[in-house]
Amino acid sequence: MDTTALIKLYTTYLGIEPDKITELPSSGSNRRYFRLLNTKGNKTTIGVIGTSEAENKAFIYMARHFQKKGLPVPEVLAVSDDGMVYLQTDLGDSLLFTEIEKGRMTRSFSLHERDLLTKTIRRLPDIQFNGADGMDFSICYPVESFDIRSIMWDLNYFKYCFLKATGLEFAEDKLEDDFQKLANILIKCNSDTFMYRDFQSRNVMIREGEPWFIDFQGGRRGPFYYDVASFLWQAKANLPDSLRHELLQEYLKSLNKYTTIGEPEFISMLRHFVLFRTLQVLGAYGFRGYFEKKPHFMQSVPYAIENLRALLDKPYEEYPYLNELLVKLVNMKQFTDALTKKQLTVRVLSFAYKKGIPNDPSGNGGGYVFDCRAINNPGKYERYKPFTGLDANVIRFLEEDGEIIEYLDHCYALTDSSVKRYIERGFTNLMIAFGCTGGQHRSVYCAQHMAEHIAKKFNVRVELIHREQNIEQSFAVKE
């Protein structure tokens, strides 16, 4: 694209020509961004070439309005006469999305990453409430308010650009009925606040350790729930539930500066916005991925499907047909194949120490090995020698003094924390082994109870092997 207008604007504003122009990557919009630099004068700005004068006007107005409110946004430095090109301050290259990359990939977020996320979510109410104060919403693009029409646009975006592209059959009239029910619930929460609309980590810059906010040109008057859903359930942010809960608490604390709302009431309503935002995002991924063939968006689909799958653990009874359809959607082979590759399998074994500690066939070489030999041994008594830790008389012997129960409680505490984190981080294998002298009584009892405990509590695949007894058992994931 011709950058003549940008060069002219830069030269007019700074009185010096740029000697280096670099186009910056963009994701979802047709706007193009450039870094213009004069290396001798060390004068740098970001130049923007838009395709819509109305969209540019919205951003320029909002940026100037937010700046007057003391909010951390880029300053608009100069605008071309036709409004199609403008310059803004250069905030650098550090996106929040990039800064939390390690956490996103491992689902184990460092203190630094958590701090950045916390700082960001704490500022959100300032944008929503302080930013709305005195704002002329008539300038918003493409609409000034979150209304029924814009809700239905987004729901139909999902229907036509994603759902139909999957090939899943559905009854359009029933789906539209539930779309209308969802829209009616969402619109009840409308408030005179600023709805950023695309509040997510790709639209937050980090400058000197603090968050700065960009790409808010699609904002409008609307409910504050929407932005919380956008940020905490951003598909590729990959936030574990525990961190999501912590960040929600931080948001609610900041929200108290402007309005009072109980946490149960907030969470009850938020889940409808999370569903709506997830469907809207899938529609965008479908359009940008299936139709525009942009790989970045297709790579995000599995993460959004995972968010949707987790949401459906608590059925949306308000929208029975939509809920039924979404369950079918997340269980389509094209999505479950990717999920299966990421599912955790816990391998639990009993063994005799004299025959060696079992190897981990997954190749990870990790996990737990618990030594049961300090527990009173039934094998010392002739009457128990023909039996194993699966037999009632041995179980009674082991449980009589409660020693083995207390021992297993300690084992559960250790393994539960690991299983939970393995699931959150997308790990696929964990081995837990119990050893005793002969691999017949104590280790068999412990391994059996551990396998049953994990299968019941976490609903993951568990493979149980009593090595010395040649007994194997599998606990499948319950649908």
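Visitor: Which residue in E8 is the bridge partner of isoleucine 206?
Guide: Proline 211 is the partner of isoleucine 206. Strands here are DSSP runs of at least two residues (E), helices are runs of at least four (H or I), and both are numbered from the N terminus. This is a predicted model, in which local features need pLDDT of at least 70 and side-chain atom pairs count only at pLDDT 80 or more, while totals for chains, interfaces and linings use all residues. Residues are numbered from 1 along each chain as its sequence is written, and side-chain values use heavy atoms, with hydrogens and water left out.

Visitor: How many bridges join E7 to E8?
Guide: Four, and strand E7 (residues 204–207) runs antiparallel to E8. Two strands count as paired if DSSP finds at least two bridges between them.

Visitor: What does glutamate 208 do in that hairpin?
Guide: Glutamate 208 takes a positive phi near 55°, in a hairpin with two residues between the strands.

Visitor: And which residues make up the covered and uncovered faces of E8?
Guide: In strand E8 (residues 210–213), Pro211 and Phe213 form the covered face, and Glu210 and Trp212 the uncovered one.

Visitor: Where is aspartate 215 found?
Guide: Aspartate 215 sits in the loop between E8 and strand E9 (220–221). Its phi is near 50°, a positive value in a residue other than glycine.

Visitor: Why does aspartate 215 count as partly exposed?
Guide: Because its relative accessible area is 24%. Buried means under 20%, exposed means over 50%, and partly exposed is in between, with a 1.4 Å probe and protein chains only.

Visitor: Now the open sheet. What is its strand order?
Guide: The five strands go E11-E12-E10-E13-E14, with mixed pairing. Strand E11 (368–371) and strand E14 (471–475) are the edges; each has a single partner strand, so one side of each has no neighbour in the sheet. From one strand to the next, the twist averages 15°. That angle is taken between N-to-C directions, on a scale from 0 to 180 degrees, using lines fitted to C-alpha atoms.

Visitor: How do E13 and E14 run?
Guide: Antiparallel, with five bridges joining strand E13 (residues 461–466) to E14. Within that pair, leucine 464 has glutamine 473 as its bridge partner.

Visitor: What about asparagine 459, where is that?
Guide: Asparagine 459 is in the loop between helix H16 (442–458) and E13. Its phi is positive, near 50°, and the residue is not a glycine. Asparagine 459 counts as partly exposed because its relative accessibility is 30%.

Visitor: Changing topic: which residues touch the most other members of the largest nonpolar core?
Guide: Phe194, Phe266 and Leu329, out of 95 residues in that core. The largest share, 10 residues, comes from helix H10 (residues 263–291). A nonpolar core is a set of buried Ala, Val, Leu, Ile, Met, Phe, Trp, Tyr and Cys residues joined through side-chain atoms within 4.5 Å.

Visitor: Which residues is phenylalanine 266 in contact with?
Guide: Leaving aside neighbours within four places in sequence, phenylalanine 266 is in contact (heavy atoms within 4.5 Å) with Phe224, Tyr225, Val228, Leu248, Tyr251, Leu252, Leu255 and Ile261. There is also a second, separate core of 33 residues, including Ile375, Ala447, Met450 and Leu464.

Visitor: Last one. Which residues does the cis peptide bond join?
Guide: Tyrosine 141 and proline 142, with omega about 5°. Proline 142 lies in the loop between helix H5 (111–130) and helix H6 (148–166).
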